[in-house]
Amino acid sequence: MTAAAKPTWERFGDAMVGWCGYALLVPATAIALSAGPKDPTWQVTTLAVAVAAAAWIYLMFTRLSPPRQGHRARIDVFFVGVLALASVLMLRMPLFFIFMISGFFYASILRPLPLAFLGVFATSFLVNTLIAGFPRNAEAWTFYVVIITIQTLVIGVGSIVGEKVTEQNEQRRQTLSRLEAAMLENAGLHAQLLTQAREAGVLDERARMAREIHDTIAQGLIGIVTQLEAADHARERPADRDRHLENAQRMARESLTESRRSVEASKPGALEAGTLPEALEQVAGEWSGINGIPVDVTVTGDIIALHPEIEVALLRTAQEGLANIARHARASRAGLTLSFMGDVVTLDVRDDGVGFDAAKPDVGTLSGFGLTAMRQRIARVAGSLAIESEPGGGTALSARVPAIAASSAVSAS
């Protein structure tokens, strides 16, 4: 059963009210015509009144669009007409009380409910009065009043109870209908959220791969090209040329290893082998050896093992900062400072190079995808990135992240 469908008993009750007039009028007419006077005029007249009663029911009730209770004025007129026609037929033949009983059914749809009580009383009064007339003694009057009172109370109360049950069922159907609609809407929203989550996951993975490609493959290729160009320029100096070629080979192997780690979403090799300060020392030493620029690495505060994602973000930021110094800064010195300050950790990357106009962050030593990648990495771990620079005054890059310990990641899993 759907939320909008009526129960079987309720549909049966509606059908009884809809067909009771015809169902009671037809047998009453047949019995009256067979048992009544054989006078053709009487029979034709009686039949005509019965046909008029059937036409009245059809025109005023059967053709009425549901819900019929909503057409109160028309139902009131219809009910009065039914009682009037039934009274005429009973005056011609008391056996038509069978048809008058339909008034009890039609009274159940009168509104408001006090009017339904009045309709039941009027039907009971007519049935009991037109059959035998008014009582002629006190005992008969008592019986007459009791019968009408009991009929009115029993049938009237039954109509009220039925109406209340119908109202409750209708409220229940409407509630179920709203619940079903809400469930359908929730299912649609759930499907939409799943689609959006998948799309967001795809975009997030694309962004991650773009950052990893930039931090590993792109930087490695740039370094390899730089070393090969240096080797070409040093062709007259075999020792320098061989050194640059060895650097290029080593960087190619390291870039291949790091690219595989990126695809597998593994930690960088420097972090796999040691702590974050040790990894920064290793990265700075290798970078300094390749580029010939000394790097000072300083660690302050009480060192703690950070959440893996935070350590990767800081290491990649240091690598990108050093790569930008090598490409653009024309610096003579560089420095890395890792500071553990209670609930935050900062990483500062600085150089004494040419600098740039910090009011134009899209140009200078941090131009291109590198700055975007650094900002995205730091933002993913709820951190912030600040840049200070001026032409001829060098550049300082500062990443600030929450000091979430590695034990938090273990307990969360």
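Which residues do ring pairs link into a cluster? They are F121, F125, F134, W141 and Y144. Rings of Phe, Tyr and Trp (its six-membered ring) pair here if their centres lie within 6.5 Å. The structure is a predicted model, in which local features need pLDDT of at least 70 and side-chain atom pairs count only at pLDDT 80 or more, while totals for chains, interfaces and linings use all residues. Residues are numbered from 1 along each chain as its sequence is written, and side-chain values use heavy atoms, with hydrogens and water left out.

The structure holds nine aromatic pairs. In one of them, the ring centres of F61 and Y106 are 5.2 Å apart and the planes stand at 65 degrees, so the pair is edge-to-face; planes over 60 degrees apart get that name, those under 30 count as stacked and the rest as tilted. This pair links distant parts of the chain, with F61 in helix 2 (residues 40-62) and Y106 in helix 5 (residues 102-107), 45 residues apart. Helices are DSSP runs of H or I with at least four residues, numbered from the N terminus.

Y106 also pairs with F78: the centres are 4.8 Å apart and the planes at 80 degrees, so this pair is edge-to-face as well. Here F78 in helix 3 and Y106 in helix 5 are 28 residues apart. F78 has a relative accessible area of 0% and is therefore buried; buried means under 20% relative accessible area, exposed over 50% and partly exposed in between, with a 1.4 Å probe and protein chains only. Y106 is buried at 1% relative accessibility, and F61 is buried too.

Helix 3 (residues 72-92) packs against helix 6 (residues 113-132) at an angle of about 5 degrees, with the axes 10 Å apart. Axes are lines fitted to C-alpha atoms over the stretch in contact, and angles run from 0 to 180 degrees between N-to-C directions. The two helices are therefore roughly parallel, a term for angles under 35 degrees. Residues of helix 3 in the contact (heavy atoms within 4.5 Å) include D76, F79, L83 and M90, and those of helix 6 include L115, G119, L126 and I131.

Helix 11 (residues 308-329) has 22 residues and spans 30 Å from its first C-alpha to its last, close to the 32 Å expected at 1.5 Å a residue. That expectation is 1.5 Å times one less than the number of residues. Helix 11 is mostly covered, with 17 of its 22 residues buried. Just after helix 11, R330 takes a positive phi of about 50 degrees.

Key
Angles under 35 degrees count as roughly parallel, over 145 as roughly antiparallel, 65 to 115 as roughly perpendicular and the rest as oblique.
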